Amino acid sequence: MVKPLDTRLNTLIQQCIDLKTKPLGALGKLEALAAQLVQIFSQGQTQLDVDQLAITRPAMFVFAGDHGIASQGVSIAPSEVTGQMVANFVQGGAAINVFCRQLGWQLTVVDCGTLVPCEPAPNLRSQRLGDITHAFHKQPAMSEMQLKQGLEYGEQVVMSAIEAGSNVIAFGEMGIGNTSSAAAILAALSGASVELCVGRGTGIDDETLCKKRALIKQALEYHQDKLATPEQILQRLGGFEIVQMVGAMLAVARAQKVIIVDGFISTAAAMLASRIAPHSKQYMVFAHGSMEQGHKLMLEQLNAEPLLHLNMRLGEGTGAALTLPLLQAALGFFCEMASFADAHVTQVVDA
């Protein structure tokens, strides 16, 4: 069960922020971020202990899986590219590797089920549910057994990081065809039109976009009587990487740690997790506003405001990785910035 955040310290937390040597609200989103982080890190405490507030072993997980719908020509790349990119992650050559090295994330790549399996490596976790999901416009993407196993696998991989001391867990992904899956999930959860939910993914042309939308409409019609619960939506329209992200997010929320949500695909997982366990959203920080068309609608559905707007749409967890300096800055000002009383500065109150 995901517990709601204990709010007993909220008033004190906000007072601490408001009494820093600055005008009220002058640090913008960093103030709300600081309040959320301090609230999460203070769970189980009856008084505020600044010495205990710290980000420890921030962990980045990139979940990879292949999608059967890709065989219908909905992407600019074939499914084999997923495995090739996983190899690139393992070898340290992708954007997410660069950002993790620069910023201090502990990176783990999770093979959830790629058409081309990667060779074993120290930073690769094999949690394969199969080689590729079924094309979801004609049958469920995965079986009920794969759904159950995927949720359990996701929990297992993040709990190992939490047990090692991580209290901030970020989520990225890789999978040719996964914007189709995420868009279908968005349409099923929101009831919005396919036209609003489906974008260009990796950069498809108009003809391919029309095909992609038609296939997703076909999928929604085919499964329309079996999309009543988030679990049904996940089984029928999801991906091996998405199901494991959902399981992992729920586990992080149960452990009362911080969840950093990346872009379009990760937010689809966050939507499903928050439908399964509504309190899980309290532990989520939304990293950035993706350029993928449906992401804005996802964030509106979640009533969430992202930290960054950088016109990114790469995936891999790259947007999530870039939030770490902001998390550190938010926690830093809360713990280290002087109050008006400490600094003997006259507090200015708005008229």
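Which residues does Trp 105 touch, not counting residues up to four places away in sequence? The model examined here is a predicted one, so local features need pLDDT of at least 70, side-chain atom pairs count only at pLDDT 80 or more, and totals for chains, interfaces and linings use all residues. Residues are numbered from 1 along each chain as its sequence is written, and side-chain values use heavy atoms, with hydrogens and water left out.

Back to the tryptophan. Trp 105 touches Pro 58, Ala 59, Met 60, Phe 99, Cys 100, Val 168, Ala 170, Ile 260, Ala 320, Ala 321, Thr 323 and Leu 324, where contact means heavy atoms within 4.5 Å. Trp 105 sits in the loop between helix 4 and strand 2; helices (H or I, at least four residues) and strands (E, at least two) are DSSP runs, numbered from the N terminus. With a relative accessible area of 5%, Trp 105 is buried. Here buried means under 20% relative accessible area, exposed means over 50%, and partly exposed is in between, using a 1.4 Å probe and protein chains only. One of the residues it touches is Pro 58: Trp 105 and Pro 58 are 47 residues apart in sequence, yet their C-alpha atoms are 5.3 Å apart in space.

Pro 306 is found between helix 12 (295-302) and helix 13 (318-321), and it counts as buried at 4% relative accessibility. Leaving aside residues up to four places away in sequence, Pro 306 touches Lys 29, Phe 286, Ala 287, His 288, Gly 289 and Leu 299.

Helix 3 (residues 80-91) has 12 residues and reaches 17 Å from its first C-alpha to its last, close to the 16 Å expected at 1.5 Å a residue; the expected span is 1.5 Å times one less than the number of residues. Its buried residues are Thr 82, Gly 83, Val 86, Phe 89 and Val 90. Seen down the axis of helix 3, these fall within an arc of 110°, so they line one face of the helix; the arc is that of the directions from the helix axis to the C-beta atoms. The buried residues of helix 3 pack against strand 1 (59-65), helix 4 (95-103), strand 2 (106-113), strand 3 (124-126) and strand 4 (168-174). After helix 3 comes Gly 92, with a positive phi near 90°.

Helix 11 (residues 264-276) has 13 residues and reaches 19 Å between its first and last C-alpha, close to the expected 18 Å. Of these 13 residues, 11 are buried, so helix 11 is largely enclosed by the rest of the structure. Among the buried ones are Phe 264, Ile 265, Met 271 and Leu 272.

Next come pairs of helices. Helix 5 (residues 144-163) and helix 10 (residues 240-254) pack at about 50°, with their axes 7 Å apart. Axes are lines fitted to C-alpha atoms, for helices over the stretch in contact, and angles run from 0 to 180 degrees between N-to-C directions. Helix 5 and helix 10 are therefore oblique to each other: angles under 35 degrees count as roughly parallel, over 145 as roughly antiparallel, 65 to 115 as roughly perpendicular and the rest as oblique. The residues making this contact include Leu 147, Gly 150 and Tyr 153 of helix 5 and Phe 240, Val 243 and Gly 247 of helix 10. The crossing is right-handed; a crossing is left-handed if the near helix is turned anticlockwise from the far one by less than a right angle, and right-handed if clockwise.

The axes of helix 6 (residues 178-190) and helix 12 come within 11 Å and cross at roughly 40°, which makes helix 6 oblique to helix 12. Their crossing is left-handed. Here Ala 182, Leu 186 and Ser 190 in helix 6 meet Leu 297, Met 298 and Gln 301 in helix 12.

Last, a word on backbone angles. Most residues other than glycine have a negative phi. Asn 303 is not a glycine but has a positive phi of about 55°, and it is exposed, with a relative accessible area of 68%. Arg 57 also has a positive phi, near 45°; at 42% relative accessibility, Arg 57 counts as partly exposed.
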